[in-house]
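Trainee: I would like to learn how to read a model like this one. Where do we begin?

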Amino acid sequence: MQKEVEKEVEEEEETKEDGEDKTDDDVEVKDEEDKPKPKTKKIKEKVWEWELINDNKAIWMRSKEDIEDEDYKKFYKSLTKDYDDPLSWIHFKAEGEVEFTSLMFIAKRAPHDMFENYYGKSAIMKLYVRRVLINEEFDDLLPRYLNFVRGVVDSDELPINVSRDNI
């Protein structure tokens, strides 16, 4: 956002008068009391100011007690582009060799192509590392027969510079 601010700036004074050059031999002695106050003028300056648009924490990073059912339903609809509410969801944090937080949803209706293209379709589980999206369709996270499960997995333990081929 651009904003106009008034700022006081000292005016520049000419140090050389009428072409006379002062040398080291010409020494002027002035008292501190005699010094004139610097002249200032007000100028308008355009300044760019940053505005934080999204100050919300990711829903899966917040405490379960702080999240209402309506928040879970809105997140599910935005994640899956589904118009129905989810049948159920689970929000948990796992600790072990790798620590991660997960939020998983089960749809109210089975997808129309659930049994078609069994080997080509995977569950839509999004993998995040430190709230940065790494992969949208992570095949090895859930077995293929659970391809109706949708959700998010976020870990702080994985290195963020993992290439997508390694995952």
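**Reading exposure, contacts and charges**

Mentor: Start with one residue. Glu-136 is partly exposed, because its relative accessible area is 44%. Buried means under 20% relative accessible area, exposed over 50%, and partly exposed in between (1.4 Å probe, protein chains only). This is a predicted model, so local features need pLDDT of at least 70 and side-chain atom pairs count only at pLDDT 80 or more, while totals for chains, interfaces and linings use all residues. Residues are numbered from 1 along each chain as its sequence is written, and side-chain values use heavy atoms, leaving out hydrogens and water.

Trainee: Where does Glu-136 lie?

Mentor: In the loop between strand S6 (132-135) and strand S7 (149-155). Helices (H or I, at least four residues) and strands (E, at least two) are DSSP runs, numbered from the N terminus.

Trainee: Which residues form the negative surface patch?

Mentor: First, the rule. Patches take residues with over 30% relative accessible area and no salt bridge; like charges are joined within 9 Å, nonpolar side chains (Val, Leu, Ile, Met, Phe, Trp, Tyr) within 5 Å. Asp and Glu count as negative, Lys and Arg as positive; His and the chain ends are not counted. A charge is placed at NZ of Lys, CZ of Arg, CG of Asp or CD of Glu. Here, Glu-136, Glu-137, Asp-139 and Asp-140 form the patch.

Trainee: How many strands does the protein chain have?

Mentor: Seven, with one helix. Along the sequence the pattern reads β-β-α-β-β-β-β-β. Of the 167 residues, 23% count as buried.

Trainee: Is Arg-150 buried or exposed?

Mentor: Arg-150 is buried, at 13% relative accessible area. Arg-150 is found in strand S7. Not counting residues up to four places away in sequence, Arg-150 touches Thr-80, Leu-103, Met-104, Phe-105, Pro-111, Ile-124 and Met-125. Across the chain, residues 24 or more positions apart account for 65% of the contacts with a separation of 6 or more.

Trainee: And Trp-48, buried or exposed?

Mentor: Exposed, with a relative accessible area of 63%. Trp-48 lies in strand S2 (residues 40-48). Compare sequence and space here: Trp-48 and Lys-3 are 45 residues apart in sequence and 6.2 Å apart, C-alpha to C-alpha.

Trainee: How many salt bridges are there?

Mentor: A salt bridge needs a side-chain nitrogen of Lys or Arg within 4 Å of a carboxyl oxygen of Asp or Glu. By this rule the count is five. One of them joins Lys-77 and Asp-85, at 3.1 Å, N to O. Lys-77 is partly exposed at 34% relative accessibility, and Asp-85 is partly exposed at 23%.

Trainee: Which residue forms a salt bridge with Asp-154?

Mentor: Arg-131, with the closest N and O atoms 3.6 Å apart. Asp-154 lies in strand S7 and Arg-131 in the loop between strand S5 (124-129) and S6, so the pair ties together parts 23 residues apart in sequence. Asp-154 is buried at 2% relative accessibility, whereas Arg-131 is partly exposed at 41%.

Trainee: What about Asp-156 and Arg-131?

Mentor: Their side chains also meet in a salt bridge, at 3.3 Å, N to O. This pair links distant parts of the chain: Asp-156 is in the segment after S7, 25 residues from Arg-131. Salt bridges with shared partners join Arg-131, Asp-154 and Asp-156 into one network.

Technical notes
Accessible areas come from the Shrake-Rupley method with a 1.4 Å probe; for residues, only the protein chains shown count as cover. Contact means heavy atoms within 4.5 Å.
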